[in-house]
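Thanks for passing this one along. Here are a few notes to read beside the model.

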Amino acid sequence: MHKDWPKTARELSSLMQDFGKGHPEVAKGFKQLSDAAEKDGALSAKDKELMALAIGVAIRCEGCIAFHAKAAAKYGATRDEVLETLGVCLYMGGGPSFVYGSQALEAFDSFADQS
């Protein structure tokens, strides 16, 4: 493994908690938004996390990749589903998406192995 994705998620969670202590209203609002967006509805929470993972790849956000790879594994995404999601990222985003998509697959694998 090139990057310790579980460690990345833990460290970022700690930093975000520190921010939340300094600005609790914003942190609470973000948490409410996150909870509302993640709920099962017309799309399952798993599908939404795969979309969020794809967006993390598209915007080149390693923190987003860590959090949404972890959530995709938590909601039961398969490696094949992640690979197909990342295939669309490559199609839409070219070379940069290939680099970040490869990292996203590694991140997913690191969390899926913990399940």
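1. Phe30 sits in helix α2, which covers residues 24-38; helices here are DSSP runs of H or I with at least four residues, numbered from the N terminus. This is a predicted model, where local features need pLDDT of at least 70, side-chain atom pairs count only at pLDDT 80 or more, and totals for chains, interfaces and linings use all residues. Residues are numbered from 1 along each chain as its sequence is written, and side-chain values use heavy atoms, with hydrogens and water left out.

2. Is Phe30 buried or exposed? Phe30 counts as exposed, because its relative accessibility is 52% (exposed is over 50%, buried under 20%, partly exposed in between, with a 1.4 Å probe and protein chains only). Together with Met16 and Leu33, Phe30 makes a nonpolar surface patch of about 340 Å².

3. Gly20 belongs to helix α1, residues 5-22, and is buried at 13% relative accessible area. Gly20 and Phe30 are 10 residues apart along the chain, and their C-alpha atoms are separated by 9.8 Å.

4. On the cysteines, the whole structure holds zero disulfides (a pair of cysteine sulfur atoms within 2.5 Å). The sulfur of Cys89 has its closest cysteine sulfur in Cys64, 12 Å away, so the two are too far apart for a bond. Cys89 is buried at 8% relative accessibility, whereas Cys64 is partly exposed at 23%.

Definitions and conventions
Helix = DSSP H or I, 4+ residues; strand = E, 2+ residues; numbered from the N terminus. Patch = residues over 30% accessible without salt bridge, like charges linked within 9 Å, V, L, I, M, F, W, Y side chains within 5 Å. Areas by Shrake-Rupley, 256 points an atom, 1.4 Å probe, with all protein chains shown as cover. Salt bridge = Lys/Arg side-chain N within 4 Å of Asp/Glu carboxyl O.
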